[in-house]
Amino acid sequence: KWKGAPEFSNDDGWSFKPRGRILYDAATVSTPSGITDNGLGFSNEVRRARLGVQGTIPGGFEYKFEGDFANGGVELTDAFLAYAGKNVTINVGQHNNFQGLEELSSSNDTSFKERAAFTDAFGFKRKVGISAEYNNGPLLLQAGVFTDNVDDLAEDGNNSRSLDGRIVVAPKIGGNQLHLGASVHVRELGDTVTSVRYRQRPLVHSTDVRFINTGTINNATTESSYGLEAAVISGRFHAVAEGHWLKLNRTGLQDPSFDGQSIEAGVFLTNDKREYKGGVFKGVKVSNPVGKGGFGALQFNLRYDRLNLTDAGDAVFGGKQDSYQASLIWTPIDYVRFMINYAKMDYSDAAIAAAGGNRDYSVNVLGFRSQISF
Amino acid sequence: KWKGAPEFSNDDGWSFKPRGRILYDAATVSTPSGITDNGLGFSNEVRRARLGVQGTIPGGFEYKFEGDFANGGVELTDAFLAYAGKNVTINVGQHNNFQGLEELSSSNDTSFKERAAFTDAFGFKRKVGISAEYNNGPLLLQAGVFTDNVDDLAEDGNNSRSLDGRIVVAPKIGGNQLHLGASVHVRELGDTVTSVRYRQRPLVHSTDVRFINTGTINNATTESSYGLEAAVISGRFHAVAEGHWLKLNRTGLQDPSFDGQSIEAGVFLTNDKREYKGGVFKGVKVSNPVGKGGFGALQFNLRYDRLNLTDAGDAVFGGKQDSYQASLIWTPIDYVRFMINYAKMDYSDAAIAAAGGNRDYSVNVLGFRSQISF
Amino acid sequence: KWKGAPEFSNDDGWSFKPRGRILYDAATVSTPSGITDNGLGFSNEVRRARLGVQGTIPGGFEYKFEGDFANGGVELTDAFLAYAGKNVTINVGQHNNFQGLEELSSSNDTSFKERAAFTDAFGFKRKVGISAEYNNGPLLLQAGVFTDNVDDLAEDGNNSRSLDGRIVVAPKIGGNQLHLGASVHVRELGDTVTSVRYRQRPLVHSTDVRFINTGTINNATTESSYGLEAAVISGRFHAVAEGHWLKLNRTGLQDPSFDGQSIEAGVFLTNDKREYKGGVFKGVKVSNPVGKGGFGALQFNLRYDRLNLTDAGDAVFGGKQDSYQASLIWTPIDYVRFMINYAKMDYSDAAIAAAGGNRDYSVNVLGFRSQISF
C-alpha cells in the first residue's frame, strides 16, 4: 500500500512505513532604506529534510520517529510511542503539546510557506511529555504534561514544565466541515532559565533577519497562554481564523502580554478540497493528478497575519507586524507541491531602525518552495 | 517476516531490516541534606532514539548501521561490516569490544534501566576496530584490536589502541542455560590524551549528578582491566554475577585500581523466561501477549550493584557505591516494555559533600521507562 | 528487486529504495625526518557511514535523500527532488554542481580510496541549487545555479553563488565506451566570506596532516575554474585523464592560479569491466561472485596524481604534489569491496618543513579499505 512510500503491514496488527520530506526554499526580502543585513535580498535553504519511520505493534501500540537534517545537524522531531484504544490515545515521548490548529497540522499541508507569525514567535515546538487524547464523534479533548525539547533536556537545568490542554468541536453540517477549538497552556521555565525572547522573521525562514524582536526579557518565570481556533471547509473553499494570547510572569517586574492572530481564506481553482481529520488539516487528495493525464490541484490563498510584540504599559517594545499575504500552490500529485508566496509586511515600532531612526516601514517578500514528501 | 519491523529477504541470501528504538525515561533522585544540583529531584529525557538498518549480502557478508538521535545530535552506535563463516565471524568497523555479558546484551533487554555501575564508569562503549569470533557448541572466543569511538576519531590525536579478548563457555545442562565468561583488555591512551576520569550517575541517566567521581587523573598512559561473568537461566528464574577490575598506569605516579561488581536475580511472574544466544541475553518472547488476549510478561528483579572508585593507597578518592535495587518489568508484547526501578544508593567517601562535610549518605531513586523497539 | 537493498515499486510509477554505505579505512603515512604530527603513522576511521532513501512518484518526480554519519555528526549529502522528462531532468535542492567525471561518480566506485587531489583541494562538494540536464544519445548537457552546502546556509551571510555547466560526449565505438567532457564554473564568494584556503591530505583521509596547503588567502572574491575529462573503457581495461584549473580573483591583490591533473589506468584480472552510464562511472557487476562459487572481481590500477598549489608569480606558495599510486581492488560480490592502496608522494615546496628546513621530500602511504553499500 503506497502512501508516498510503501506501508508494510500484516493481519496481526504489525505495520511499518518510512516517512520523510524535502522542502527547498528560495526568497527575496526587500531592503528598507538604511538597513544593512546579510539576510536581506536573496536567500535560500533546504527548509526541512526529514527522514523517519512510523509503525504499529499488535495490542494497540504505535510509534513515530523522525529527525530533521536541515541546518547542518539533526533535530529530533517526533519521537514517541503511543497506545491507541477505541476513543483514547496515550502518547509518551516527544510530541506536540496541542498548541493550535495550524501548528498541529503538518508543515507539508500549510497554505503558506510558514505558519502564522505567532507560532514561531511564541516558541511552539515539540516537547517531551505524556499526554492523553479523547475523541468521540465531533469532540476531541487533548491534555498533557510536558518538559522540554529533547535537545534542551541534554542539560538537566532546563527542567521547564508545562500543562497543556485543547478542546475541539468539529461537526460536519450539510457537507461542510466546521472546526472550533481552544487551547490553554501554563509553562514554568527551567531552574536555570531566567530570560525569554520573542521574535519573528518576515514570513520566510531562509533569512535570519527579524524586524520585530523583544530582545532578552529578564526575570522571567512563567508563561501563560491561550489560543482560539475556527475553521470551515466548504467544497473548494476554506477559511481559518486563529489567535494566541500570551502573558509572561516575571519576578519583581511587570508582566507583559503579547498576541498574534491570523485570518486565512483559500479556494481551489481545480476540482479539489482541503482534507481534515482528527482536529488538523490533512494533505489534498488530488482528483486529477499529472501521473494520470490531469493538471493536478491549484489553490489560491489570502492571509492577514498580525503579531504584536509590544506591551508599552509594561515597557517591552518588540514591534508590531501587519502582514498581507497571498499564495499560489500547485500540487501536481499527492506528496509533491510547488508554492509561490507574496507578503507585504507593515511594521510599526520595529526592532531594527531604518534610515533617520524610522521604525515604521514596509517590506516586500517573495518566496518559492519545492516540496516532496512521503 | 516481522521482527518488530519487517525483514525482507530472498533465496539468494539477500536480506534487509530496519531497526530502531525509542526509550523514554523519567526519574526522581532524592536530595541529600545540604546538596544543591539541578540534577536532583525530577528529571526526564528521551534516553535512546535509535534508527538504523541491518542486512546480509550473499557470500556471507553482513552489516549493521545505527545512529542514536537522543541528546541533541547523532551518535553512531553500530557501524560495521562482517563476514560470517560457519564457525568464524570477522567484524570490521565500529562495534563493541567484548566488554562483558551485560554490556554486550542489548539495552532493550536489560533487567534495570541502566547496566551495572562499572560499565559506564569504566567507559565501555563501541569502538572502531577489527575483530574475530569463533563459536563451536558451548564455546565462544572473541578477540580484536580497537582504536576509538567514531566521534573521537574525527581528531587524529585520539589514537588510542586496545587489545580485547573474551571467552565464554555456555553449556545447557538439564534444560538450564549456564554462562561462564571472562574478558581481558589492555588500552593505550591516545597521543594527546593524558588524563582520565571515572564517575557514575545514581542508577538513572536522566540526571547529570555524579555522587562518585574520581575527577581528572593526570599522567595516565594505559588502562588494563579484566572482567568475570556468570549467569544461569532456569525456567522463569535467572541470576547473573559480573565484575570488572581496572588498573590505570601512570607515568611518574602510582597506578591506582578500581573495581565494580553486580549480582542480579529475577523471576517471571508469568509463564515466560529470559532468552540467551551467542553469549548474550536476548529479549523475552512473550507467551501470552496482549494482542492475543493475554496479559503479557511480568518480571521482578533484584540487584546489588557495587562500584569502588577510591584507591586510598594510591591517593585517589572517588567514592564508593553500594546500591540495592528492584525492578518490575511489564512486557505486554515483544518489542514493547514498561519498567519501574527503585534504588537505595549508599555512598561512602562521596565526591560531593553533604551538609557538615558529610560524605557518607544515602540517596533514593525512583525511575520509570517506556520502551518500543523494532 | 534487490539492488543491495530491496527496491519496492508498483505499476503506477511509485518506487522506494533504502540506500547506505559503510566504508572503513586504515592507513599508515611515513614520517619525513624532523616532522611531528599526530596524523603521521597509523590512523583509521569510518570514512563514510551513509544512510538514506530514494524514490519515484508518478508523473516523473524523483527524490534522493542521504546523510553521512561519519566524523561525529551528520552531514547531508544528496537532498533533492527532481522532475525527469524524456530528455530533460530538473533538479532542485542539494546536489553536485557538475564538477567532473570522478567527483560525480559514486565514492563506492572509485579506483582509489580518494579521488584525485584537486577534487578535495578545490573544495568540490554538493551545494543547494537548481539545475537542468539534457541528454540525447551520446550527448549530455548539464547546467545550474548553486549557492552553498546545506550546512553553510544555516548562516545567511554565506550566500555564495555559482554558475556551473558541463558538456559530455560519450559515444560507443566498436564496443568501446569513450567519454569526453568539459566543465566551467564561476563562483562569487559569500558576503561575509573574504578568504579561501586550498590544501590536501596525502591520498588517505584518516589522517589530518596536509603537506601542501596555501594557508589563508585574503581579499578573495571570485573563483573561476574549468575542468577537462577523457576516459575510455575497453573490455577489462580502462583509462581516465582529468584536470582542473582554478583562478582566484582578489580585490587589490594579484589573482593566483592553481591546478591539478590525474591520469589513471586499470585492468581487471578477472572477466569483468567498469560500468558507465549517464556521464559517470558505475559499480562493477561481478561476473563470478563468491555467493555463487566464484572468486569475485579483481582489479589493478595505477595513477599519477599531480596538484600544484604554488603560484610564485602571484606570491602564493602552497606546494606541489607528484603522486605515484597503485591500487588492488577485490569485489567479492556487487556492493562489497576491499581495497589496498599504495602511494609515493613527492612533495616540493611543501607547506610543512622537514629537518633542516627541507621542503622537498617524499612520503610513503599505505591504505586499506573495507566497503559495503546498498
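Contact here means heavy atoms within 4.5 Å. By that criterion, 37 residues of chain C are in contact with 41 residues of chain A. Only 8% of the interface residues of chain C are also interface residues in chain A, so the copies meet through different surfaces.

The model is predicted: local features need pLDDT of at least 70, side-chain atom pairs count only at pLDDT 80 or more, and totals for chains, interfaces and linings use all residues. Residues are numbered from 1 along each chain as its sequence is written, chains are lettered from A in the order in which they are written, and side-chain values use heavy atoms, with hydrogens and water left out.

The relation and the interface of the two chains are tabulated below.

| Property of chain C and chain A | Value |
|---|---|
| RMSD of chain C laid on chain A | 0.0 Å |
| Turn | 120 degrees |
| Shift along the axis | 0.0 Å |
| Area buried between them | about 3100 Å² |
| Share of it on carbon and sulfur atoms | 77% |

The two copies are thus related as by a three-fold rotation axis; superposition is by least squares on the C-alpha atoms of residues with pLDDT of at least 70 in both. Buried area is the accessible area (1.4 Å probe) that two parts lose on being put together, summed over both. Across this interface the rule finds zero salt bridges (a side-chain nitrogen of Lys or Arg within 4 Å of a carboxyl oxygen of Asp or Glu).

Tyr134 of chain A lies in strand β9 (strands are DSSP runs of E, at least two residues, numbered from the N terminus). Tyr134(A) is partly exposed, with a relative accessible area of 31% (partly exposed lies between buried, under 20%, and exposed, over 50%, with a 1.4 Å probe and protein chains only).

Key: Helix = DSSP H or I, 4+ residues; strand = E, 2+ residues; numbered from the N terminus.
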